Amino acid sequence: MNDAEAKSATSPYSVTLKPLYSAPAERMPADISLPDGWQLSWHQVETLQAIRDPNIEVIFNTAMTGDGKSLAAYLETLSTQNCYAIANYPTNELARDQQVQIQDYIAQFQPQPKPRVVQLSSEELELYAEREDIAKSAAIATRGAQSDILVTNPDILHYLHRGAYLTPKDSPDKLWNRIDKDFDLFIFDEFHIFQPPQISSVINTLLLIRNTNRHKKFLFLSATPNSELISRLERVGFQVKTIDPMVQKKYQFPTNLSECQQLERHGWRRVSREISLNFVPLDLSAGSGETWLQNNGDRILKHFQENPGSKGAIILNSIAAVKRLVPWFRQLFQPHGLQVGENTGLSGKTEKMRSLAADLVLGTSTIDVGVDFKINFLIFESADAGNFIQRLGRLGRHNGWNYNGQWVDFHKFTAYALIPQFFVERLFHGDQPPLESGKQYDRVFFHNCIHQNYRKINDFRGYYRKWGPVQSVMLCYQLKHKTVRSQYESSQKSLRDDCENVFETRLGKVAGRIKQWQEEWQQYSGKSGNPIAEDAASFRGSSPLQCGLYDTSEPYAADRVKTYDLPGVLSNLEIEPMSESAFIQLLRDTERQMQVPIAKGRFRRCFAFMKLHRYRQERLRWQFIYAGDLREVSDRAQVQVLTGLQVWQPENAAWIGEANKQLKRQALVSYVLRMPVAEVRSRLRLPMHFQIYPISHQDEVHTSAPYTIAIGQSALLLDTLRDWLRDLGEIWIV
């Protein structure tokens, strides 16, 4: 541990966050019957009234994390028999978590008849279609018809409206027309995690719904709303209402017990307790947070020993770091009778359920943390300001929990934020630092400090004009299909006008670019298709580098089959290559052993298959290599489709050779810059997990590759920064 890290272990930078209280509703709707002891907050009733207001189409609820936004979304469905909702969550794990929460609401409110809640993910859709021996389109129609609340993800909603899951003979509106008519309320939760490609897709979907099935409600739940989304919806005439308790002074931050008691007497609800927040400054090198945790493992253990019954979470940015640290902490904690669990996007269902009984959980996901898994101790990394606030918001939401059959009070709540050194300097140093160690602050002031001083990342706003309307063209073309042309003639024209307005471009011009991409691809490859248009019109982009993974480190057989992108494999995993047939055989053997069906559709898109033996203790260096002229490719300064890419990594030469046989045949939507990765990431202010990689000429492998390549939607996003860089006066095309 260096001097800075040793000093940070004593937490010289610490503040106290005051408790947070939310205002009660000023008046209750007469037709709402609440469970005994329940009381609604101001923002919850405001959301319900906005849903009922025929003049409002789009609602943004920006209440703070933990203040009951989810309940606000379902109040109308719980109180009436004629409001059917589609709830869209960004991950399947969050959708499953919220499905349990909705069922709990139903058990508490006891509406009659009870709303039917159905979850629909791509895997569940595939398994249901196989079990019932029906097409996916029929499965979607059936599952939709069986539900009053359909819990899904925006990916499926997007592809429904793109005409996916259909045969060439089907009308393009076969599924979405029915879905849009049957459901009244479209809910989008945790929307702040999405970037312009996903936001553009949602805008297009909303425009299609409005122009073909009117009088729908769209509710966005996010403590940090997207201003670009709001302004573009208002541009095309959507009636938008933002419900912001902070702006309306509906939050209070008492400084002592007497003030807390006074607020509670007047019906204010405590959202969060007082929190002691410590800032740990680290350098920007990879693994610095992981190193700090190992160096301070004894201090973390001591906290649990001095505070029996404590529950803690460590939330990191890297899945590989979590995978390495979980066994390390288990070895440290288990001799003292303390259990360590795991909660990542790769964790199996069994491991996630087991983690709820642990004392300390490590993960990259906040699913269950601060909800079912109640905590009074938190250590976390963050990727940006919104991510910082969201993760900190998991702490301080509960008084305690039942420990060994006895109620344990959480008397204090402690957090450690592992953050870059520059961020600490901005917060606590300089002529007029916004924070002073040892002081108390309310959440409004503190959140503003975080937003204003965290590293600003690029918002890629140029994406909306250049790439957003690609899907618009496809939607308008869909409405010209011979089976629906007469039905949607006026809708097609109004949709076209709205799309041109919201994306500030002419769709005819975009259609010309789409045709050009198709012709160039056919000339280049001799194949049909249009990879660039497909990536631009998809929700999250294609996954051309996805690998099928059999994880031998997973203790539960049913959880071992998963997918992982090649760059992550190269950096973090020790693997053994497999043939596709051997992988599928292992999958089928697992099905028979566990008597649990496993969806196989995601593996059809994998270009390589492998066994995972363990996660590396140190990341391995690697880079792409290209047989062609990279200078010529980069000088084009445009998105293009490349083939023939391979990987250089001498430590794994044997299996890399096998992978390269498949990789060089892959068609990759790409953008290449003649500048190293670190410089691109810094100068373009790219998000932490933005997918760019080093690349060199095949015969000139460098310690630091002189070129950078972005693939898929990352290439489209990078393309939108050309004008942005030129406006800054940067010389970037050398």
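Student: Which residues of helix 22 are buried?

Tutor: This is a predicted model. Buried here means under 20% relative accessible area. In helix 22, the residues that count as buried are L507, V510, R513, I514, W517 and W521.

Student: Within what arc do the buried residues of helix 22 fall, seen down its axis?

Tutor: An α-helix has 3.6 residues a turn, so residues three or four places apart point the same way. The buried residues of helix 22 line one face of the helix, because they fall within an arc of 110°.

Student: Which residues are exposed on the other side of helix 22?

Tutor: Exposed means over 50% relative accessible area. On that other side, the exposed residues are K509, K515 and Q523.

Student: What do the buried residues of helix 22 pack against?

Tutor: Their partners include a strand, strand 26 (640–642). The others are helix 19 (462–466), helix 20 (468–478), helix 21 (489–503) and helix 23 (531–537).

Student: How far apart are the end C-alpha atoms of helix 22?

Tutor: Helix 22 covers residues 507–525, which is 19 residues.

Student: Which residue just after helix 22 takes a positive phi?

Tutor: Look just past the end of the helix. The phi there is about 75°, and the residue is G526.

Student: Which element gives the largest share of the lining of the second largest pocket?

Tutor: This pocket has a volume of about 510 Å³ and is lined by 23 residues. Helix 20, helix 21 and helix 22 each give two or more residues to the lining. The largest share, six residues, comes from helix 20.

How values were computed
Residues numbered from 1 in each chain as written. Predicted model: local features only at pLDDT ≥ 70, side-chain atom pairs only at ≥ 80, totals over all residues. Heavy atoms only, no water. Helix = DSSP H or I, 4+ residues; strand = E, 2+ residues; numbered from the N terminus. Expected span 1.5 Å × (residues − 1). Buried < 20%, exposed > 50% of the residue type's maximum accessible area, 1.4 Å probe, protein only. Arc of directions from axis to C-beta. Contact = heavy atoms within 4.5 Å. 1 Å grid on protein atoms, 1.4 Å probe; cavity = no way out; pocket = protein on both sides within 12 Å on 5 of 7 lines; lining within 4 Å. Points joined across faces, edges and corners; volume = space filled by probe spheres on them.
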